[in-house]
Amino acid sequence: MNKSIPAISVNSVVKHYASNPPIVALNNVTIEIQDNEFFTLLGPSGCGKTTLLRLIAGFEQPTEGAILLYGDHLEGLDPNDRPVNTVFQSYSLFPHMTIAENIGFGLKMKGQSSDQIALVVRDMLALVKMETFGNRMPNQLSGGQQQRIALVRALAPKPKVLLLDEPLSALDLKLRQAMRLELKRLQKETGITFVFVTHDQEEAMCMSDRVAVMSQGELQQLDSPQMIYERPRNRFVANFIGDVNLIDTKVSSENQNSYVCSHNNIEFSVNKTSQHQVGDQVTLAIRPEKFSLVSSAEGLLKGTVVDSTYMGTDTYLTVKIDDSTELEVRCQNIDLDQQLPTIGETVGLSVPNGAATLLED
Amino acid sequence: MEIKLPANPITRRWLGLSPALITIFIFMVLPIALLGVYSFKPADSYGGVEAGFSLDAWIQLFFDRDLDDTLIFDSIYLQIIWRSVMLAAIGTTLSFLVGFPVAWYIVQQPPERRDILLLLVTIPFWTNLLIRAYSWILILGKNGMIEQPLLAMGLIDDSLEMMYGNMAIGVGLVYSYIPLMILPIYASLEKIDFGLVEAAHDLYADRWAVIQRIVMPLCLPGIIAGCILVFVLSLGDFISPSILGGGKKMMLSNLIQFQFSSARNWPFGGALTMLLLMLVAFGSYFYIKASRKSAYLEK
């Protein structure tokens, strides 16, 4: 495999469903997934992420556009002819086969000898620390165990790319957190490109090398988890990932690298991440934890605390800076003696440089 | 008015089941038991039975009585039984080979079309069995719908002689009972999680491998039910053999019918009936056992 060729290239893919009314599941999506990457497709249900996964797996064909696997066109190939395996949301373990037979199924279909299969099955069971489970039936396993088996069943034939369709969504929280680490470890150990579909932003953040945020069949942003969080491109991404304060401003001046945007005579300096003219109405996004509380005399912003909620790690404050704008502010609870403002108190808020992001829309 | 139910839950359960149990007892268990009893009685000359105990009917199954009352082994009835079993087995196999793909096709259709197709499958049941059997004569018979065009085109010179033989009986059996193969198979196919089919497809199984290794094992209960239904009814069918087979080849069912009508030998008819019942019961039992076993061993 040539490492410089993308593992998967999705070129201007359109997918329509001829229902009534017709559904546009994917609208001109172009994505390149690199070799050995943990890549996540993130979005709410109905955003087209699962459709894209099914197109790559070959269960459905694109209406327009092409999908390439390491430079080879996949058009017209059935799922069984694509060196790509899927981990299904509902696991889909074959109920009439033992765990070992489930894991060996792909290799058996590829025509490998039973000795070879037995070796791989043993390795795969060891990979998820379930060495003694080979002879059990799927219904004798817990949800988390079934999940692990579904994972190694798809890994056993050594696919070029592993597709994971919301594989953790049926598990309880603790198990889900453990499986995140396990998935990340497996990806590193096997060196296989993972394409992971999820609607859970936390999952996307903690495992992925890069995340593609999708909405309504379109790609919204493709970036590292950090950039997705710190530099959301538009309102959708800013709102979908984490909590955010959106502030309506007007571009008042510009210089080479930044704009000055003002809101009620408060001026924010922001990086030029998108093109605007002086006088344009623009939206700024500031994450709640970026603010720091200062005395009301100092600080860029001044406002009144209207609500305060204790959340354990943080206290969430709602600060009203003018009649139309309330900001959510998060203060970390460092110790018991910490003096937090009470409701009705006037506070000042400082915003570090670069904390505000200019949105495209 | 207050009805007092017995306190014991077991008594209550039996009480609840009693209408069904009584019906089954009166209309199924009793007549069959009566036939069983009749088979051990001596026949009288008028079609009834005399008092007493006699094994004559059962002996008649295997032996012929010579003039001097010595028993000579006679396989004529065994041949009839063997022929009936074979024909029923072939009919069942053909029904499965045709019925399974049909059921698999129907289950893959969108829900509205499925209902229509299932309705079409059951349509032959709406017509009298006798009429359906006669209509096959028009299709298969001399100068029938198949032969006529072939004769006219000069592809054949003489009648194909499709009627009144094993082939015509086989066609009749498959045609009559195929819905009973399709419906149970469809019912169990419908319950299969289609995600499993996709998963197998994803793991390099082609269409045939998917059917062989995933679909068939998972719908085995439906296949077994369909095969038993078709086999049992084929074995007991007397319309196809007598109309489409022209009555030339005696089948077990014809033989039984003959004993109770023209031959007026009720004890012998009873013995044949009991034999048929045992064949079906044992056959089904072993078939189910064997299928279950192979389903687990196949893996």
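In the predicted model, five strands of chain A form an open sheet in the order β15-β19-β16-β17-β18, with antiparallel pairing. Two strands are said to pair if DSSP finds at least two bridges between them; strands (E, at least two residues) and helices (H or I, at least four residues) are DSSP runs, numbered from the N terminus. From one strand to the next, the twist averages 50°, where axes are lines fitted to C-alpha atoms (for helices over the stretch in contact) and angles run from 0 to 180 degrees between N-to-C directions. Strand β17 (residues 314-322) of chain A runs antiparallel to β18(A) and is joined to β18(A) by eight bridges. Within this pair, Tyr316(A) has Arg330(A) of β18(A) as its bridge partner.

This is a predicted model, in which local features need pLDDT of at least 70 and side-chain atom pairs count only at pLDDT 80 or more, whereas totals for chains, interfaces and linings use all residues. Residues are numbered from 1 along each chain as its sequence is written, chains are lettered from A and ligands numbered from 1 in the order in which they are written, and side-chain values use heavy atoms, with hydrogens and water left out.

A further open sheet of chain A consists of four strands in the order β2-β1-β4-β5, again with antiparallel pairing. Its edge strands, β2 (23-33) and β5 (72-73) of chain A, each pair on one side only. Two bridges connect β5(A) with strand β4 (residues 64-69) of chain A in the antiparallel sense, and Leu69(A) stands opposite Asp72(A) of β5(A). Antiparallel pairing is also found between strands β9 (residues 210-215) and β10 (residues 218-223) of chain A, over five bridges. Here Ala212(A) lies opposite Leu222(A) in β10(A). The hairpin of β9(A) and β10(A) has two residues between the strands, and Gln216(A) takes a positive phi near 50°.

Over all chains, 17 salt bridges are counted, a salt bridge being a side-chain nitrogen of Lys or Arg within 4 Å of a carboxyl oxygen of Asp or Glu. One of them joins Arg180(A) to Asp200(A), with the closest N and O atoms 3.8 Å apart. This pair links distant parts of the chain, 20 residues apart: Arg180(A) belongs to helix α5 (residues 173-190) of chain A, and Asp200(A) to the loop between β8 (193-198) and α6 (201-207) of chain A.

The contact between the chains (heavy atoms within 4.5 Å) takes 28 residues from chain A and 18 residues from chain B. About 2,100 Å² is buried between chain A and chain B, with 63% given by carbon and sulfur atoms; buried area is the accessible area (1.4 Å probe) that two parts lose on being put together, summed over both. In chain A, the residues that lose the most area to chain B are Asn80(A), His96(A) and Met109(A), together 29% of what that side buries. One salt bridge is counted between chain A and chain B, formed by the side chains of Arg54(A) and Glu198(B) (2.6 Å, N to O). On the side of chain A that touches chain B, two or more residues are given by each of α1 (49-57), β6 (84-87), α2 (99-109) and α4 (143-155) of chain A. The largest share, five residues, comes from α2(A).
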